[in-house]
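Hello,

Here is the structure we spoke about, with the sequence alongside. My notes on what was found in it follow below.

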Amino acid sequence: MSRTEPDISVPDLTGRRAVVTGASDGMGVGIAARLAAAGAEVILPVRNQRKGETAIAAIRQASPEANVSLRELDLSSLASVAALGKILREEDRPIHLLVNNAGVMTPPDRQVTADGFELQFGTNYLGHFALVGHLMPLLRAGSARVTSQISVAANQNRINWDDLNWEQSYNGMRAYSQSKIAFGLFGLELGRRSRAHRWGIISNLSHPGVAPTNLLAARPEVGRTADTTGVKLIRWLSGRGILVGTIQSAKLPALYAATSPDAHTERFYGPSGPGHLGGPPAEQKLYSRLRSIEDAQRIWQISEDLTDIRSWT
């Protein structure tokens, strides 16, 4: 079954500086490419330099005048996050757009970050929490828009408050849900605190729906040596235009949330098709697990303690 790919208009971003995590492949490089094509200077912080260079080449092939560059970042290491923050602060240029897109999903066995956190909680959430903290002076200077990419998984399971690092009993999918719930709570709380303290930052959430990204593909670095059955099914459905989205449509909610004048702080954007699995982006009803202000404040405080980041001014 053929389909017409949805698309959006991205406004002129000339003179704007953007940072996109997870932009070395998949929908991340698509987000970065569209921002660069709209005139933004785009920074790709990457863990794998070779993949980053391939992404840069693809972006420049599509937009020869694109202003794109690499920086080093491993979100599973708080030292690496701090190092990137230091480099960008020393460059002393405002950041206008931050798309927190990077993530890992469902390692078959429990793994930990360099700092001893469960890999998904540490990478998907705590790494981004720390990144925002280290970049706060630049985000405030740029009256930035911060878009945090969560997942339909944030509408499932719960935060395992008594065992955030899943040391007692590991379940990959539940741990993934926890990382995305925590990330969503943080993104909303960032917006609330920005309004309360007049930081000038817009903070919103996006989710890509379901699409054949690399999250569930073979990932030897997380102990998955073959594609999952889930990603094989998603590819089959996507290729036939059935229900789910595509790599092209999956990038649109984050692009919309990060650039549209109609996207606002503390709002949530995702695909508008059946089941919110694919289709053009639109505002979504906030998942029930993201509605508790008390939970958001709780995870913020815990995250400050875990990352030792406490200065937000």
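**The sheet and what packs on it**

Strand S2, residues 41-46, runs parallel to S3, and six bridges join the two. Within this pair, Leu 44 stands opposite Leu 70 of S3. Please keep in mind that this is a predicted model.

Helix H2, residues 49-62, lies across S2 and S3, and its direction makes about 175° with S3. Another helix, H8 (residues 252-259), also packs on the sheet. H8 touches strands S4 (97-100), S5 (145-149), S6 (202-206), S7 (268-271) and S8, and runs at about 160° to S5.

The sheet as a whole is open and has eight strands, in the order S3-S2-S1-S4-S5-S6-S7-S8, with mixed pairing. At its edges are S3 (67-72) and S8 (281-283), each of which pairs on one side only. From one strand to the next the twist averages 20°.

**The chain overall**

The protein chain has nine helices and eight strands. It counts 313 residues, of which 57% are buried. Taking contacts between residues at least 6 apart in sequence, 73% join residues at least 24 apart. The accessible surface is about 13,200 Å², and carbon and sulfur atoms account for 48% of that surface.

How do H5 and H9 lie relative to each other? The axes of H5 (residues 172-197) and H9 (residues 293-307) come within 9 Å and cross at roughly 95°. An angle of 65 to 115 degrees counts as roughly perpendicular, so H5 and H9 are roughly perpendicular to each other.

On the H5 side, the residues that meet H9 are Ala 182, Leu 185, Phe 186, Glu 189, Leu 190, Arg 192 and Arg 193. On the H9 side they are Ile 293, Asp 295, Ala 296, Gln 297, Ile 299 and Trp 300. The residues of this contact divide into eight nonpolar, one polar and four charged.

**Ala 40**

Ala 40 sits in the loop between helix H1 (26-37) and S2. Is Ala 40 buried or exposed? Its relative accessibility is 1%, and buried means under 20%, so Ala 40 counts as buried. Leaving aside residues up to four places away in sequence, Ala 40 touches Leu 13, Thr 14, Arg 16, Leu 35 and Asn 67. Leu 13 is 27 residues from Ala 40 along the chain, yet their C-alpha atoms are separated by 4.9 Å.

Regards

Definitions and conventions
Residues numbered from 1 in each chain as written. Predicted model: local features only at pLDDT ≥ 70, side-chain atom pairs only at ≥ 80, totals over all residues. Heavy atoms only, no water. Helix = DSSP H or I, 4+ residues; strand = E, 2+ residues; numbered from the N terminus. Buried < 20%, exposed > 50% of the residue type's maximum accessible area, 1.4 Å probe, protein only. Contact = heavy atoms within 4.5 Å. Areas by Shrake-Rupley, 256 points an atom, 1.4 Å probe, with all protein chains shown as cover. Pairing = 2+ DSSP bridges. Axes fitted to C-alpha atoms, helices over the stretch in contact; angles between N-to-C directions. Parallel < 35°, antiparallel > 145°, perpendicular 65-115°, else oblique. Nonpolar A, V, L, I, M, F, W, Y, C, P; charged D, E, K, R; others polar.
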